[in-house]
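Student: I have a structure open here and want to talk it through. Can we start with its surface?

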Amino acid sequence: MDNARQNIAGLGILCVLIAVFCISINDMLIKQLSGDYPLHQIVFARSAIGILFSLIIVQYEGGFGILRTNTPWQHALRGILIVIANMTFFVGLAVLPLADVTALFFVAPLFITLLSIPILGERVGVLRLSAVAVGFAGVVIMQRPWADSDTLEVSRVVLLLPVLAALTYALNQILTRKLGVASKASAMAVYIQATFVIVSLGFFAVAGDGRYAEGATNGSVIFLLRAWVWPQGADIWVFFGLGVNSAIIGYCLSQAYRLTDAATVAPFEYVGLPLAVFWGWAVFGDLPVLEVWIGILLILGAGLFVFLREQQKARGGDRRPVRGRNG
């Protein structure tokens, strides 16, 4: 029995590592495409392809009947929150180094800890609150409040976008924890992918011709609102790869947390930080500046400490991952 449990735990860890690696590839590819295509077009292509693969998994897990739900508005709100988290994350990614955006997004578990106090009525001890304070100190250091606007490469609003992404993702996690979701993971993935498709088509209807990007100088605004164009050359395969990647992420994360407990696999999600640093250096030639390195270490340490303290306090509880912008 011990060997069987170890094998299952090992498979769960392997699944979460595959998911985190695919997330890092996803972020790197979207940053590469951000100079030529609008965000809503990338999101549409990724989600339209991803939903097809998710529907195949739905059929495998029980058929299309599992898509029926008694809480459609809860799923709609959950999908909208994840869409906002994705949009703000990727708009920031267009002009910020990959490692910076990823590190700032990892404050999501710290937001979850804070929000659980007023929304869920949970008690949070001094040690966890202290860790949260340390993590947010890392955020402040990465924001470099002492620097003037001429020194910063981007506006302060853009620097706050990954933090907003983390906040909206944390609200999504709190909503899921508070209300509970009885649907299977594959069905939930379909709901979220469908939300992405609907929102991106809405952007296309309003701004697909690029009229609102005319005269814009901010890279994030241009990425969000530029006109749709047909993918050129190998970019078609990049779009297809993003869709397949999205389906793999959703499936592997679901498998990881189905096979074993969150305390075993969730810390491995932080492998995403060194992967972001690696892809930023290897593909874009970016290496974090000193303030970002300090912020990364503080956020990483605080996030791991908070998570492990939660698991010690609630052994056997159902703690879901704090990562996974693909839902």
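Tutor: The protein exposes about 14900 Å², with carbon and sulfur atoms supplying 67% of that area. Keep in mind that this is a predicted model.

Student: What percentage of the residues count as buried?

Tutor: 51% of the 327 residues in the protein are buried.

Student: Which residues form the nonpolar patch on the surface?

Tutor: Leu-52, Phe-53, Ile-56, Trp-230, Ile-236, Trp-237 and Phe-240. Together they have about 840 Å² of accessible area.

Student: And which helices each supply at least two residues of the patch?

Tutor: Helix H2, residues 39-61, and helix H10, residues 235-259.

Student: Take Leu-52. Where is it, and why does it count as exposed?

Tutor: Leu-52 lies in helix H2. Its relative accessible area is 54%, and exposed means over 50%, so Leu-52 counts as exposed.

Student: Different topic. How many helices and strands are there?

Tutor: The protein has 13 helices and 0 strands. Read along the sequence, the pattern is α-α-α-α-α-α-α-α-α-α-α-α-α.

Student: What about contacts between residues at least 6 apart in sequence?

Tutor: In the protein, 84% of those contacts join residues at least 24 apart.

Student: One more residue, Ile-117. Which helix is it in, and what does it touch?

Tutor: Ile-117 sits in helix H5, which covers residues 108-120. Leaving out residues up to four places away in sequence, Ile-117 touches Glu-122, Val-124 and Leu-129.

Definitions and conventions: Residues numbered from 1 in each chain as written. Predicted model: local features only at pLDDT ≥ 70, side-chain atom pairs only at ≥ 80, totals over all residues. Heavy atoms only, no water. Patch = residues over 30% accessible without salt bridge, like charges linked within 9 Å, V, L, I, M, F, W, Y side chains within 5 Å. Areas by Shrake-Rupley, 256 points an atom, 1.4 Å probe, with all protein chains shown as cover. Salt bridge = Lys/Arg side-chain N within 4 Å of Asp/Glu carboxyl O. Helix = DSSP H or I, 4+ residues; strand = E, 2+ residues; numbered from the N terminus. Buried < 20%, exposed > 50% of the residue type's maximum accessible area, 1.4 Å probe, protein only. Contact = heavy atoms within 4.5 Å.
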